[in-house]
Amino acid sequence: MNIMSELTIIFGLCLISEGISALIPVAFPASVIALLLLALLLFSGALKPEHIRRSSGFLVANMAFFFLPSCVEVMEHAPAILGQLAPFLLVSFLTVPLIYCVTAWVVQLLIRLTRKGGGSHA
């Protein structure tokens, strides 16, 4: 596939997820909906990884660029964050190890399941 087709698929999913997010009665981020739709399409086989390989590779390689707006926003609200520094640090130091432990547990579980299933999935 050419790069425009790949980008059309990716941005089309983002557009569809914006519509779904506007329709559902609960506040739910469109980006999460887009990721779920992409995962559903990839797992179902309706979309092959080759269909978005180049565009997704480019986006992942330049991921740091996409964090600039959020870093600028954090710097803009630094006085408010510093006013609540103790709760902010407490939450950060409690959740980061928890996330690491849960992630490690899930990876180990998936490795065990892959070995038990014969490891035929590539």
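This is a tour of a predicted model, stop by stop, with a note on what to select and what is there.

Before starting, note that residues are numbered from 1 along each chain as its sequence is written, and that side-chain values use heavy atoms, with hydrogens and water left out. Because the model is predicted, local features need pLDDT of at least 70 and side-chain atom pairs count only at pLDDT 80 or more, while totals for chains, interfaces and linings use all residues.

To see where the two helices meet, show the side chains of Ile-3, Glu-6, Leu-7 and Ile-10 in H1 together with Arg-53, Arg-54, Ser-55, Ser-56 and Leu-59 in H3. By class, this contact of H1 with H3 has four nonpolar, two polar and three charged residues, where Ala, Val, Leu, Ile, Met, Phe, Trp, Tyr, Cys and Pro count as nonpolar, Asp, Glu, Lys and Arg as charged, and the others, Gly among them, as polar.

Now select Ser-55, which is found in helix H3. Leaving aside its neighbours within four places in sequence, Ser-55 is in contact (heavy atoms within 4.5 Å) with Ile-3, Glu-6, Leu-7 and Ile-10. Is Ser-55 buried or exposed? Ser-55 counts as buried, at 1% relative accessibility; buried means under 20% relative accessible area, exposed over 50%, and partly exposed in between, with a 1.4 Å probe and protein chains only.

A distance drawn from Thr-8 to Ile-52, C-alpha to C-alpha, gives 9.6 Å, although the two are 44 residues apart in sequence.

The C-alpha atoms of Ile-16 and Ile-111 are separated by 33 Å, and the two residues are 95 residues apart along the chain.

**Helix H2**

Select residues 30-44 for helix H2 and pick out Leu-42, which lies there and counts as partly exposed at 32% relative accessibility. Setting aside neighbours within four places in sequence, Leu-42 is in contact with Leu-47, Lys-48 and Pro-49. From Leu-42 to Gly-83, 41 residues apart in sequence, the C-alpha to C-alpha distance is 44 Å.

**The aromatic pair**

How many aromatic pairs does a search of the whole structure find? The search finds one aromatic pair, and the rings are those of Phe-65 and Phe-66, whose centres are 5.7 Å apart and whose planes are at 70°, so the pair is edge-to-face. Rings of Phe, Tyr and Trp (its six-membered ring) pair if their centres lie within 6.5 Å, with planes under 30 degrees apart counted as stacked, over 60 as edge-to-face and the rest as tilted. Phe-65 is exposed, at 57%, whereas Phe-66 is partly exposed, at 45%.

**The cysteines**

Finish with Cys-71 in helix H5, residues 68-76, which is partly exposed at 43%, and with Cys-101, which is exposed at 53%. The structure holds zero disulfides, a disulfide being a pair of cysteine sulfur atoms within 2.5 Å.

Definitions and conventions. Helices (H or I, at least four residues) and strands (E, at least two) are DSSP runs, numbered from the N terminus.
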